[in-house]
Amino acid sequence: MSAAPPTVPPAATAADDEILYESMPRLRVYRSRVERYLVGSEFVAVSTDAATGVASRDTAISPNVSARLYLPRLDAADGTLPVLVYYHGGGFCLFSAFDSTYHAYLNAFAAYANVLVVSVEYRLAPEHPVPAAYADSWDAVAWVLSQAAASAGAEPDPWLARHADLSLLYLSGDSAGANIAHHIAMRAGASVRGLVLVHPYFLGSDEAAAQDRAISGFLNR
């Protein structure tokens, strides 16, 4: 049974709550704040998924970037797996690596593909305009690759250090996340074995101009 659509809140009427941009029922950008209204966007806690046996855990990569890791059930305690770095969609301004939609999807994906998934939580526009998402997403891949060798002062991630085969590193994402994966793959080059783009999102000039105006108004408030 599908979830009921979100209740669309009334438009603000105060002078200091001027609406700069909206794409309802998902997003409304005021001069002073951003409000997001999404079904399936509620955050969920890490767990061991009862249906698939996939375990998940969260980790901080930098002050700006974090990730949720998914480890499928292993036949051997020291078994190694390919690694998939995943970027969620949402037009660069919606959703999260920690919400229920992506949590359920990546639990199933990790089990079906038998891969260790690193789902990246990058900063969203308009609070953090592009290219912040690209910078954060590159930091995530660099962090994953750093697990191949113990760098001075670096704390290895226990799952990646024990179970990741970084010679089999793949990137993927949907919508804006596919756009991000495309850019990161071009930069990473031979470090990436493959790229899976799900409904990739590349802005047209008209939509980009409208979003640029909203971002500029928000940042210059």
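What share of the contacts in the protein with a separation of 6 or more is accounted for by residues 24 or more positions apart? In this predicted model, such residues account for 66% of those contacts.

**View 1. Overall fold of the predicted model.** The protein contains 5 helices and 9 strands, which follow one another along the sequence as β-β-β-β-β-β-α-β-α-α-β-α-β-α. Of its 221 residues, 44% are buried, and carbon and sulfur atoms contribute 56% of an accessible surface of about 11000 Å².

**View 2. The open sheet of 6 strands.** The strands are arranged in the order β4-β5-β7-β6-β8-β9, and their pairing is mixed. Because β4 (55-60) and β9 stand at the edges with a single partner strand each, one side of each is left without a neighbour in the sheet. From one strand to the next, the twist averages 20°.

**View 3. The pairing of β6 with β8.** These two strands run parallel and are joined by 6 bridges, and leucine 81 stands opposite alanine 164 in β8.

**View 4. Helix α1 across the strands.** Helix α1, formed by residues 100-113, lies across β4, β5 (66-71), β6, β7 (116-121) and β8, and runs at about 40° to β5.

**View 5. Helix α4 and its packing.** The 13 residues of α4 (176-188) reach 18 Å from the first C-alpha to the last, close to the 18 Å expected at 1.5 Å a residue. Its buried residues, among them Ile180, Ile184 and Ala188, pack against β6 (81-87), α2 (132-146), β8 (164-174) and β9 (194-198). Glycine 189, which follows α4, has a positive phi near 60°.

Conventions. Residues are numbered from 1 along each chain as its sequence is written. This is a predicted model: local features need pLDDT of at least 70, side-chain atom pairs count only at pLDDT 80 or more; totals for chains, interfaces and linings use all residues. Side-chain values use heavy atoms; hydrogens and water are left out. Helices (H or I, at least four residues) and strands (E, at least two) are DSSP runs, numbered from the N terminus. Buried means under 20% relative accessible area, exposed over 50%, partly exposed in between (1.4 Å probe, protein chains only). Contact means heavy atoms within 4.5 Å. Accessible areas come from the Shrake-Rupley method with a 1.4 Å probe; for residues, only the protein chains shown count as cover. The expected span of a helix is 1.5 Å times one less than its number of residues. Two strands pair if DSSP finds at least two bridges between them. Axes are lines fitted to C-alpha atoms, for helices over the stretch in contact, and angles run from 0 to 180 degrees between N-to-C directions.
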